[in-house]
Amino acid sequence: MPGDGSLERLRREGRIVVVGASLAGLRAAEALRAKGFEGSLTMIGDEPHEPYDRPPLSKQVLLGRAAADRTALPRLRPVDATWRLGVPASGLDMAARRVRLADGDEVPYDRLLIATGVRARPWPHEAEAELDGVFVLRTRDDSAALARRLDAGPKRVLVIGAGFTGSEIASACRERGLPVTVAERGSAPLVGALGGVVGSVAAELQREHGVDLRCGVMVTALEGDTSGRVRAAHLSDGSTVEADVVIVSLGATRNTEWLAGSGLGAGPRGIACDAGCRAFDIRGIVTDDIYAAGDVARSPHALFGYQFLSLEHWGNAVSQARIAAHNMLSESTDRLPHMEVPAFWSAQFGVNIKSVGAPSLGTEILISQGSLQERRFVGVYGYQGRVIGAVAFDHARWLPFYRELIETTASFPPPFDNVDRRPGGQRPIDADFPDPSVPTHGPTVTLSGYSPADRRMTFTPAH
Amino acid sequence: MVRLAVDLNRCQGYAQCAFLAPDVFAMHGDEALLYAPEADESQRARLAQAAAACPVQAVLVDAVDVPADVPDEAVSGAR
């Protein structure tokens with residue numbers, strides 16, 4: 001109750017538990033201390049490492065410019081926490097307010113933040129996934145193992161899946177002079193996140209840099225030799241690729257299994273929470289003591305019709321962590337909504353790709369600056385007459401302008417018809433996103449709810 | 001040891017950091033930035049300069065010397 005001193009007590013002597021010791025968990029812990037939380041803070045992480053930064057794992061580390069075990073996140077302030085690392089949480093008792101750990105311990109809480117994130121989706125065939133030379137890339141240990149193998153100079157690397165991570169891996173391999181084949185089920189790299197118009201540019205980039213890019217194919221089987229090392233992959237078009245390193249880059253799965261049966265609204269699509277990061281229970285009633293942040297959360301976003309979005313973005317983890325921390329320690333009228341415009345970046349084949357908004361929700365694209373041919377451009381995405389996203393290839397400095405168009409729900413096509421005064425390219429065209437009912441691992445924004453305005457619910461495959 | 005991270009959503013490729021601390025930051029292509037997530041102690045002053053000079057304040061550097069709150073046993077206590 002406001003004014004009854006309970007918040008003051010929480011601040012002074014409460015127990016806050018954070019499950020998930022990565023970017024969102026660490027930034028939330030720092031924000032809690034910055035806001036004057038003096039009680040006990042427990043950080044639970046399944047990996048035996050202190051919080052580290054993931055973006056370098058598919059870039060600097062694979063290029064040999066940084067070591068995977070030297071990627072710990074900088075500390076912005078002391079968090080004075082009890083760390084339980086290397087022990088995953090295995091259950092939640094909402095009534096007793098306790099988190100169960102895999103080693104049998106139980107940790108009581110007054111407020112709980114769940115930031116368990118996602119994990120790499122493994123190769124579906126278990127025996128093939130266990131072949132020596134088959135990798136996924138998500139964790140520090142994954143990256144260290146892959147970097148070691150690349151150092152050894154494999155004869156050919158096969159990357160399965162040309163989303164952002166797969167494309168960055170292929171880019172790093174080519175920069176190191178390694179022969180690379182990329183197999184992508186969709187029509188082009190990055191097609192799920194950015195559509196076919198931009199995807200075709202990504203495809204040209206890959207081929208120009210010597211990637212053997214195969215689109216519209218699936219890998220049907222991995223084949224090992226007698227000593228259990230992967231030697232080849234069989235593709236759906238009947239061809240065979242001989243490769244001694246295979247990287248499975250098929251997107252991610254949300255880490256919510258440990259919450260099964262707890263009564264929390266958690267499942268394969270993530271943990272449903274309100275715009276203030278408070279988690280829903282399975283009855284659709286919002287809890288007031290359990291919060292979610294980062295890749296594992298899905299929440300309604302005001303800019304996108306309050307549809308539930310899951311965002312696997314670095315910036316989203318940071319901003320949701322701060323919102324959750326603030327709201328945990330605030331009276332209801334002082335709470336803040338998570339309103340940040342989604343944004344992400346990727347560097348591959350020498351090009352800086354950045355995006356704002358939600359391109360994957362768009363249906364049309366307008367190349368408003370630069371040109372696709374030069375691979376330096378800004379593409380603006382439109383949905384039902386408004387600007388909903390933008391992507392820049394080596395044009396990052398313009399993105400704040402487009403972010404403002406998205407924030408102000410500017411009309412699409414935008415009111416200007418020409419930004420850099422060159423002929424052509426200023427008419428909106430179909431952005432060419434794949435059929436949403438076809439599973440894709442590509443989008444970094446997943447629509448994981450449905451709009452009340454829709455007449456019927458359609459199934460949107462989640463990660 | 002100094003840990004750092006760059007908020008590459010903010011970064012707009014001004015490259016001030018690459019001039020001020022070239023052993024830590026390097027441009028990769030026209031716009032993309034690569035950095036060493038952990039730098040030697042000898043880089044601390046240059047890093048502070050780079051962080052201060054960044055026009056969009058995208059460079060995050062350790063504000064805490066050593067994370068004294070992560071005891072070794074917690075890290076090595078993994079199963």
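This is a predicted model: local features need pLDDT of at least 70, side-chain atom pairs count only at pLDDT 80 or more; totals for chains, interfaces and linings use all residues.
## Chain B on its own

Let's start with the fold. Chain B contains three helices and five strands, and along the sequence they come in the pattern β-α-β-β-β-α-β-α. Of its 79 residues, 52% are buried. If you look at the contacts in chain B with a separation of 6 or more, 62% of them join residues 24 or more positions apart.

## Where chain B meets chain A

At the interface, 36 residues of chain B are in contact with 43 residues of chain A. The two chains bury about 3,400 Å² between them, and 53% of that area comes from carbon and sulfur atoms.

Charged side chains take part as well: four salt bridges are found across the interface of chain B and chain A. A pair to look up in the viewer is Arg3(B) with Glu50(A), whose side chains form a salt bridge at 3.3 Å, N to O.

## A six-stranded sheet in chain A

Now to chain A, where six strands form an open sheet with antiparallel pairing, in the order 24-25-28-27-26-29. Strand 24 (343-348) and strand 29 (429-430) of chain A are the edge strands; each has a single partner strand, so one side of each has no neighbour in the sheet. Strand 29 of chain A pairs with strand 26 (residues 364-371) in the antiparallel sense, over two bridges. Within this pairing, Glu364(A) sits opposite Asp430(A) of strand 29.

Helix 8 (residues 399-407) of chain A packs on the sheet and touches strands 25, 26, 27 and 28 of chain A. The direction of helix 8 makes about 165 degrees with that of strand 28 (386-393) of chain A.

## Backbone details worth a look

Most residues other than glycine have a negative phi, and most peptide bonds are trans. The peptide bond joining Phe412(A) and Pro413(A) is cis, with omega about 0 degrees. Pro413(A) belongs to the loop between helix 8 and strand 29 of chain A.

Two residues other than glycine have a positive phi: Cys277(A), near 75 degrees, and Arg375(A), at about 60 degrees. Cys277(A) is found in the loop between strand 19 (270-272) and strand 20 (278-280) of chain A, while Arg375(A) is in the loop between strand 26 and strand 27 of chain A. Are these residues buried or exposed? Cys277(A) counts as buried because its relative accessibility is 0%, and Arg375(A) counts as buried because its relative accessibility is 15%, under the 20% cut-off.

Terms used: Residues are numbered from 1 along each chain as its sequence is written. Chains are lettered from A and ligands numbered from 1 in the order in which they are written. Side-chain values use heavy atoms; hydrogens and water are left out. Two strands pair if DSSP finds at least two bridges between them. Helices (H or I, at least four residues) and strands (E, at least two) are DSSP runs, numbered from the N terminus. Contact means heavy atoms within 4.5 Å. Axes are lines fitted to C-alpha atoms, for helices over the stretch in contact, and angles run from 0 to 180 degrees between N-to-C directions. Buried means under 20% relative accessible area, exposed over 50%, partly exposed in between (1.4 Å probe, protein chains only). Buried area is the accessible area (1.4 Å probe) that two parts lose on being put together, summed over both.
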